[in-house]
Amino acid sequence: MKLYNSLTRTKDEFFTHTPGRVEMYTCGPTVYHYAHIGNLRSYIMEDILEKYLRYSGYDVNRVMNITDVGHLTSDGDTGDDKMLKGAKREHKTVMEIAKFYTDAFFADCKKLNIAIPKTVVPATSYIGEFIRVIQVLLDKGYAYESGGNIYFDTSKLDKYYVFNDFDEEDLEVGVREGVEADGNKRNKTDFVLWFTKSKFEDQELKWESPWGVGYPGWHIECSCISLKNNGEYLDLHCGGIDNAFPHHTNEIAQSEAYLGHKWCSQWFHVHHLNTDGGKMSKSKGEFLTVSLLEQKGYDPMVYRFFCLQSHYRRSLVFSYPNLDNAATAYSKLVAKVAALLGAQGTPDEEACNQLRSDFRAAMDNDLNTSLAITAVYNLFKSDADSATKLAMIKEFDSVLSLNLIEAAKKLSQQGSGYDEELPQEVTELLEKRKAARKEKNFALADELRDKIAELGYTVEETRQGTIVRKKD
Ligand code: AMP
Ligand code: ZN
């Protein structure tokens, strides 16, 4: 399999330190709010990557952290503490916020068929480990104490600027807009490993350490959690593209300084989901969550399908018309699968291999999920028999996780949407409701649903579209 590696900036043949086994690490969410669908794009693509590696025969050990301490709004050492901000917003404790949004994240993952890694570690459960690694960095001369905090000394490295596309000038502390200079730093790129002299006097979570009561910086958590659970040689590290610098650059600095050898060989970065207005945000404009999409009548599988239709290394623009197109395409695909459901007989091995090779060629080419979906469409056009096609759909969907079989079964049980037997009046109201939903006039759509109910029919939005049934 060829995979783009942000470290070499080329598509390389994927390899592992131990044959047949992938040590994989994913930067987990900062649990101060719901995940937006942009965050979830990253997790969907990482999920596909893990599933495809398994499909290709690898044993995958995947580890993820939950950031419940240390992440500041700048991604560096400046700005507000994200968890504290969340807690204040909701008049709750940091741990209450962390628990609530960790559960919410897992619930979103479930809806989107994102498998949760076997090992998930909240940062606050590893404080002792952070202290131990920071002490080693101090002992080895890679870290120093200044003004009460512990900093990583980037001048001790032969090479620091990995993943850094910025000009050195831009990084000048105090030069970047809104970034206050930290006079304790010896070098402008040094970063905090442990905050003791906190600028957040109201910091709720603090721990004893050899350097005084304080809390860890954000970057150290991923290095420590991975080193402990993946071992000294990491094959694959994933995250959204915004994590590349400074977060991943700093992870490499710490981990390699600690280990004394190269650490992670391959880096997978998912590009952003943007809105028409630009960067997706939890504070600006409509806060796009999976629940919001559901409220608007979209099945989470439609969002997954929407993500798979484009390549992870291109930024993707979210809009409702684009999602509507994905919804239509998904329904059609499910209907095609439904037509195969009754197929009898054993799959033809030769035909299976042919279909499989198209799918694999797409996925082996830097995880080209949109071409993999084309391979699924081509399967329907092929002259293979229905049993073969059905077997292949099952197999491909073990990677794509689009619930194709389940949705097709539901569709064939329910019949396809509304049928001719509906009274004219109901059909007209349904058409009006469809138009209202298209225009995002949900108030009117709800009103029309009530009118339809008065005529004795229920309307339900499902993954294969609108289903109308006569009330019992
Ligand atoms: P956070 O919860 O902020 O730590 O981010 C969780 C994950 O989402 C990280 O891997 C980020 O890099 C990623 N991410 C943040 N914004 C976006 C976006 N707009 N599109 C895709 N991934 C994103
Ligand atoms: Zn991380």
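**Sheets, helix packing and ligand shell in the predicted model**

Strand β12, spanning residues 273–275, is joined to β13 by 2 bridges, and the two strands run antiparallel. The model described here is predicted. In general, the strands of a sheet pair through backbone hydrogen bonds, in either a parallel or an antiparallel arrangement.

A further open sheet comprises 5 strands in the order β5-β4-β3-β10-β11, and its pairing is parallel. Its edge strands are β5 (119–122) and β11 (264–270), each of which pairs on one side only. From one strand to the next, the twist averages 20°. At the β5 end of the order, strand β4 (residues 59–66) is connected to β5 by 4 bridges, and these two strands run parallel. Valine 63 is bridged to threonine 119, the latter lying in β5.

The largest share, 4 residues, is contributed by α1. Of the 16 residues around ligand 1, those that come nearest are Gly38, Asn39, Ser42, Gly240 and His272. Classified by residue type, the shell contains 9 polar, 5 nonpolar and 2 charged residues.

Helix α5 (residues 219–230) packs against α6 at an angle of about 55°, and the axes of the two helices are 8 Å apart. Angles under 35 degrees would count as roughly parallel and those from 65 to 115 as roughly perpendicular; α5 and α6 are therefore oblique to each other. The crossing in which α5 passes α6 is right-handed. On the α5 side, the contact is made by His219, Ile220, Cys222, Ser223 and Leu227, and on the α6 side by His247, Asn250, Glu251, Gln254 and Ser255. The residues of this contact divide into 6 polar, 3 nonpolar and 1 charged.

The pair formed by helix α8 (residues 300–308) and helix α9 (residues 320–338) packs at an angle of about 100°, with an axis separation of 9 Å. The two helices are therefore roughly perpendicular to each other. From α8, Met301, Val302, Phe305 and Phe306 make the contact, together with Asn322, Leu323, Ala326, Ala327 and Tyr330 from α9. By class, the contact of α8 with α9 has 8 nonpolar residues, 1 polar residue and no charged residues.

For helix α10 (residues 349–364) and helix α11 (residues 369–381), the axes come within 8 Å and cross at roughly 165°. This crossing angle makes α10 roughly antiparallel to α11, the threshold for that description being an angle over 145 degrees. As in the case of α5 passing α6, the crossing of α10 past α11 is right-handed. Leu355, Asp358, Phe359, Ala362 and Met363 of α10 meet Leu371, Ala372, Ala375, Asn378 and Leu379 of α11. The contact of α10 with α11 has 8 nonpolar residues, with 1 polar and 1 charged residue.

Most residues other than glycine have a negative phi, and most peptide bonds are trans. The peptide bond from phenylalanine 245 to proline 246 is cis, its omega being near 5°. Proline 246 is located in helix α6 (residues 244–259), the helix that packs against α5. Arginine 9, although not a glycine, has a positive phi of about 60°. Arginine 9 is placed in the loop between strands β1 (2–5) and β2 (10–13).

Terms used. Residues numbered from 1 in each chain as written. Chains lettered and ligands numbered in written order. Predicted model: local features only at pLDDT ≥ 70, side-chain atom pairs only at ≥ 80, totals over all residues. Pairing = 2+ DSSP bridges. Near = placed C-beta within 6 Å. Nonpolar A, V, L, I, M, F, W, Y, C, P; charged D, E, K, R; others polar. Axes fitted to C-alpha atoms, helices over the stretch in contact; angles between N-to-C directions. Left-handed = near helix turned anticlockwise from the far one by under 90°. Contact = placed C-beta atoms within 7 Å.
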